[in-house]
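This report describes a single protein chain, from its overall organisation to selected local features. The sequence and model are shown first.

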Amino acid sequence: MSDRPTLQDFAPVRDNLPMLVPPAALVGPDVPPAGGTAFLHAKARPSNTAKTAIIAVIDHAIPFAHPLFTTSSGHSRFASIWLMEAAATERRVDIAFGRELRGPDIHAMRAEGDPGAAYRACGLASPGRCMSMAHADSHGAAVAALAGGFLPSDDAGRQFPLLGVSLPRSAMAETSGSLAAFFIQSALVFIIARARALAREISAGSGKHKPALVVNLSLGVTAGPQDGSGPLARLLDDIGKMAFPELGGVHFVLPTGNHRQDCLRAHLKSGDRIGWNIPPADPTPNAIEIWSAPSEPVPLLKIETPSGEQLEVPLTTSGAGSIVEGNRRSIGRVVLQRRGGDAGRICQTVILHPTLPAGPDAPWSPPGLWCLRLESAGKSGCDLVIHRDDRLPGFRTQGRQSRLVDPTYARRTDDGRWPGKDDGSSMIRRDGTVSAYARGTRPIRVGAGLARPAGRISPYSGLLPDGLAGDVVAPADASPSRTGMIVPSITPAGRQRLSGTSLAAPQVARWLAGRLSAGDAVPDRGALRDMIKGRAEDGTPLLPLDRLPWQPGLSPRAEEDAPGTPPSAPLPSE
């Protein structure tokens, strides 16, 4: 792969992904070729192509047949969605697995008004094979509804045709992101190709208008290159800089992440020691990255087990090695890489075996408080970043998150609040806890805030390296004591309460699509910040809560019940 990746560089990655999806999703030799289906039914196309913007969502379990994504005539506003886990029933030259549905296909599947029938027809609610759409709740349902959901009776929704990629469970269950990035790269190629084709379809015979494309990617990882040099971050930058003849620009909206308070990041200088708490009964490996500054020497690291045994990390040159105890039993491994050539940064990754082995002969490592000592490093020291290793709701994978331990780190401020920017008193860092996916120069990075008191940053919201909450903040929590907001679920009448920057980002994507469709120019992050007048407590632009086609539970009930506000099904707890 070249130093600056292009879309073609990711073709080998795309071609090897089929091994990670259900067998029924593979496109076999007996699968017939797809026909030339239009993207949108005539009654679902924008009524004014000069005021149109395309919204794309990459997520998991996107309920493409939900009423919020249909018009008053019942036709789908989804122009195209790639269901990576769906049973393959037709062949397309650019899809190696799964199935693409277009607007008329979705309309035909839900002709009886039952969205569940569409999911069953695609094999997404099949016991023993794939149950992604058989659950009540999903992350993708919330994100897609916030980004592009409209009441069928609201004709404004037609101005925002939708594209989507529904990622497989295998990409989401492994929360370190080691698998998801490959699927996302392939999804981006698909989204760009379909957006260009859709733009040609909706603009045919109606002038030279080029609709803008807004892509929401409410996913993130904690580890990886922190300087924007990761393959996915660079790919987002490269696409954002490209001038596609059919599109009026491509804009990416990403969350900053939810790990500010999780003690996953630290900065050490030579001679510093820090604890690493490895939880018991963890069936997944635990990993930490040690990054040097550019052009500085390989850091030397020593590890101390919970029993006090001192272990050498056996690498001084690029390669991999095993970390062994005194009895020569392997308890982990280490990988050393130099990113960016001789003048680049050294990344040393320590990976400990699970504390709950898969079997009697499987390797394992002891749980408890480990200690990492930086024996020597360059004058700038090293950044430590722990890989995300938790469990997502609805997934069976039982990862347990490890954390850094520094006795000088205060989990709360003197007045009991969660801390914000770093104050330099501890090796553990909150600044720079933004997702590695959002480290590039082009994506709009969105933090989460509270609806009440307005302007306060949600305590979990990741911070940029300068300590700000993002390029913009949007509400994702009702108040300090009532976290989260009410969002749609997979079923039409269902609701779920979720929290996180993943819900703030699609609100910005929705707002941005509206401004772009109105003809506003938003060439970069600076222009976007200037367009938003409100400010959060740290000075970050604050996007006010927009009217949504359901009650999100962020405003006082009297305000939400005001005339003109659509009703929604209350949660059982209300």
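## Overall organisation

Of the 574 residues of the protein chain, 57% count as buried, where buried means under 20% relative accessible area, exposed over 50% and partly exposed in between (1.4 Å probe, protein chains only). The model is a predicted one, in which local features need pLDDT of at least 70 and side-chain atom pairs count only at pLDDT 80 or more, whereas totals for chains, interfaces and linings use all residues. Residues are numbered from 1 along each chain as its sequence is written, and side-chain values use heavy atoms, with hydrogens and water left out.

The secondary structure comprises 10 helices and 21 strands; helices (H or I, at least four residues) and strands (E, at least two) are DSSP runs, numbered from the N terminus. Among contacts between residues at least 6 apart in sequence, 74% join residues at least 24 apart, a contact being heavy atoms within 4.5 Å.

## Helix α4

Helix α4 spans residues 139-148, and because 9 of its 10 residues are buried, the helix is largely enclosed by the rest of the structure. The buried residues are Gly140, Ala141, Ala142, Val143, Ala144, Ala145, Leu146, Ala147 and Gly148. Their cover includes the strands β1 (53-60), β4 (162-167), β5 (212-216), β20 (485-488) and β21 (495-498), together with helix α8 (501-517).

At the start of α4, the backbone nitrogen of Ala141 has a side-chain oxygen of Ser138 within 2.9 Å.

## Helix α7 and Asp237

Leu232, Ala233, Arg234, Leu235, Leu236, Asp237, Asp238, Ile239 and Gly240 are the buried residues of α7, and they pack against α6 and β6 (250-255).

Asp237 lies in this helix, which covers residues 231-241. With 5% relative accessibility, Asp237 counts as buried. Leaving aside residues up to four places away in sequence, Asp237 touches Gly440, Thr441, Arg442 and Pro443.

## Aromatic pairs

The structure holds 6 aromatic pairs. Rings of Phe, Tyr and Trp (its six-membered ring) pair if their centres lie within 6.5 Å; planes under 30 degrees apart count as stacked, over 60 as edge-to-face and the rest as tilted. The rings of Phe97 and Phe183 have centres 6.2 Å apart and planes at 85°, so this pair is edge-to-face. Phe97 lies in the loop between β2 (78-83) and β3 (99-102) and Phe183 in helix α6 (residues 180-203), so the pair ties together parts that are 86 residues apart in sequence. Both Phe97 and Phe183 are buried.

Phe150 and Phe160 form a stacked pair, at 5.8 Å centre to centre with 5° between the planes. Each of these two residues lies in the loop between α4 and β4, so the pair ties together parts that are 10 residues apart in sequence. Phe150 and Phe160 are both buried. One aromatic cluster is formed by Trp82, Phe97, Phe183 and Phe190.

On a 1 Å grid over the protein atoms alone, a cavity is a set of points where a 1.4 Å probe fits but cannot get out, and lining residues have an atom within 4 Å of a point. Grid points are joined across faces, edges and corners, and a volume is the space filled by probe spheres set on the points.

The largest cavity has a volume of about 80 Å³. Its lining consists of Thr222, Gln226, His259, Leu264, Arg265, Val385, Gly432, Thr433, Val434 and Arg439. These residues divide into 3 nonpolar, 5 polar and 2 charged; Ala, Val, Leu, Ile, Met, Phe, Trp, Tyr, Cys and Pro count as nonpolar, Asp, Glu, Lys and Arg as charged, and the others, Gly among them, as polar.

## Local backbone features

The peptide bond from Arg452 to Pro453 is cis, with omega near -5°. Pro453 is found in the loop between β18 (444-450) and β19 (472-477).

Ala281, although not a glycine, has a positive phi of about 50°. This residue lies in the loop between β8 (273-278) and β9 (286-292) and is partly exposed, with a relative accessible area of 44%. Ser295 is likewise not a glycine and has a positive phi of about 65°. Ser295 is located in the loop between β9 and β10 (300-304), and at 52% relative accessibility it counts as exposed.

Conventions: Polar contact = N/O pair within 3.5 Å; in protein donor to acceptor, adjacent residues only side chain to side chain. 1 Å grid on protein atoms, 1.4 Å probe; cavity = no way out; pocket = protein on both sides within 12 Å on 5 of 7 lines; lining within 4 Å.
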